[in-house]
Amino acid sequence: VRNAYPGGEIRRVRLPHAAGEAAVWNVTTAQGDIRDVYVDPYRGTVTGSANPSTQPMNVVRDLHGTLLGGEIGSHVVELVACWTLVMMATGIWLWWPRKWKTKGVFVPRLATRGRRFWRDLHAIPSIFNAVFVILLVLTGLPWSAFWGPQFAKIGEVMPFVAASPNFKAPPKADGSMGADPHAAHKQMAAADPDSAKIPWTIKHVHEPQGSGQGKGGIADIEAQLPKLDRAGFGGGVRIFYPKGESGVFMISYVPDKAEGQRTIYVDPGSGRIIGNIGWADYSPTAKAVEWGVMTHMGRQYGLPNQIANLVVCLTLVASIAAGLTLWWRRRPQGEIGEPQLQAGDRMPGGMKALLTALAILFPLVGATMVPVIVWRFLATKRPRDPQGCANRG
């Protein structure tokens, strides 16, 4: 790889998942471009290269996480996700029956017509789907732009939420303390989009620092690979090269099943292991997050997991279509607006408490509720048309 890209910097390598695959080396060229370089691991020859930012799956991941809009897009995605939880909570409230019966509560009344028909098609599939939609949203939120880092910070004071028992800053390889235990991860995240594929837990664990005495090569890391249970969990090995003078090699093993995850830090100066974090080291919250992430991506349980996720998403789309149809039929005649409230309609106290709790738990929801509340308040204070009042009287 160095011969093919003189003056370039190797940043990481992804080992082959199967015998017929190439190894993929991520390189910053001397001109500052980032390339994925494919290497035949048997002959040691470069067989091709590509711009990682234009690869189809990377584009799909960026679309899913940021709508191709960078930091702003990431916040928009988080906002929609959090408001989805609000819609689920309020939808369950609206569905909750005064009288429990089968038809209209658990089974759609397909023989009916009009609003009742569309209400049942919207509400009943949604109520069964809600728990899975909520699960998908919650398992994605740890990776969100605002809520995720705030959630991780709780681990600084609550061991139950801490990513792992070694969440606190570890010493350097020479025994001294590092200045910024998160610096290596921050640098990696800024320089390598592939770092998004390391576990959430590891992103929020303080990375140890090396002795700063020389940098070894990839051959120095091979001796540590047998420590990964690839026979039991399959592929998923990425090796990140040191960043900075006190940087370390990081072996990141992320197979499909969360239980197989392992991260090993190796001092490039001595070849000594200075960090070894596996599933047993994760806190209860970290285990829940990693299981959730793999389930969210459809990897934890293989093809059945992917099919289940697809069914949940298609059911959500269908229920939204039914809800839009119901809204269209209930809107004020000839207008684009909300259905008219009745004279005695009031928001229940329990609903106000629920919305307040969601606004506190998810600050982006609370921030966007404020202008709506202000607008509604001002709308109720507007003076009424005297003629209109007389006509209504």
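Here is a short chat about the predicted model shown above.

Me: Good to know. How many helices and strands does the protein have?
Reply: The secondary structure comes to 13 helices and eight strands.

Me: And what share of the residues counts as buried?
Reply: Of the protein's 393 residues, 37% count as buried.

Me: What about the accessible surface, how much is there and what share belongs to carbon and sulfur?
Reply: The accessible surface is about 22,500 Å², and 63% of that belongs to carbon and sulfur atoms.

Me: Now contacts between residues at least 6 apart in sequence: what percentage join residues at least 24 apart?
Reply: That comes to 54% of those contacts.

Me: Which helices supply at least two residues each?
Reply: Two helices do that: H1, residues 56-66, and H2, residues 70-95. The largest share comes from H2, with three residues.

Me: Pick one from H2 for me. Is Ile72 buried or exposed?
Reply: Ile72 is found in helix H2. Ile72 counts as exposed because its relative accessibility is 67%, and the cut-off for exposed is over 50%.

Me: And where do Leu67 and Leu68 sit?
Reply: Leu67 lies in the loop between H1 and H2, and Leu68 is found in that loop too.

Me: What is phi like for those two?
Reply: Leu67 has a positive phi, near 55°. Leu68 also has a positive phi, about 65°. For background, most residues other than glycine have a negative phi.

Me: Switching to aromatics. How many pairs turn up in the whole structure?
Reply: A search of the whole structure finds 13 aromatic pairs. One of them is Phe106 with Phe128, whose ring centres are 6.4 Å apart. Their planes are at 45°, so that pair is tilted.

Me: Which parts of the chain does that pair tie together?
Reply: Phe106 lies in the loop between H2 and H3, while Phe128 is in helix H3, so the pair ties together parts 22 residues apart in sequence. Phe106 counts as partly exposed at 36% relative accessibility, and Phe128 counts as partly exposed at 47%.

Me: Are Phe151 and Trp200 buried or exposed?
Reply: Phe151 counts as buried at 17% relative accessibility. Trp200 is buried as well, with a relative accessible area of 1%.

Me: Which residues form the aromatic cluster with Phe106 and Phe128?
Reply: That cluster also holds Trp95, Trp96 and Trp100.

Me: On to H3, then. What can you tell me about Asn129?
Reply: Asn129 has its place in helix H3, residues 115-140. Asn129 is buried because its relative accessible area is 8%, and buried means under 20%.

Me: What does the Asn129 side chain have by it?
Reply: A polar atom of the Asn129 side chain lies 3.1 Å from the backbone oxygen of Val312. Leaving aside neighbours within four places in sequence, Asn129 is in contact with Val312, Thr315 and Leu316.

Me: Last one: where does Gly235 lie?
Reply: Gly235 lies in the loop between helix H8 (230-233) and strand S5 (237-240).

Me: How far is Gly235 from Pro16, and what does Gly235 contact?
Reply: Gly235 and Pro16 are 219 residues apart in sequence, but 7.4 Å apart in space, C-alpha to C-alpha. Beyond its neighbours within four places in sequence, Gly235 is in contact with His17, Tyr253, Val254 and Pro255.

Terms used
Residues are numbered from 1 along each chain as its sequence is written. This is a predicted model: local features need pLDDT of at least 70, side-chain atom pairs count only at pLDDT 80 or more; totals for chains, interfaces and linings use all residues. Side-chain values use heavy atoms; hydrogens and water are left out. Helices (H or I, at least four residues) and strands (E, at least two) are DSSP runs, numbered from the N terminus. Contact means heavy atoms within 4.5 Å. Buried means under 20% relative accessible area, exposed over 50%, partly exposed in between (1.4 Å probe, protein chains only). A polar contact is a pair of N or O atoms within 3.5 Å; within protein, one must be able to donate a hydrogen and the other to accept it, and residues adjacent in sequence count only if both atoms are side-chain atoms. Accessible areas come from the Shrake-Rupley method with a 1.4 Å probe; for residues, only the protein chains shown count as cover. Rings of Phe, Tyr and Trp (its six-membered ring) pair if their centres lie within 6.5 Å; planes under 30 degrees apart count as stacked, over 60 as edge-to-face and the rest as tilted.
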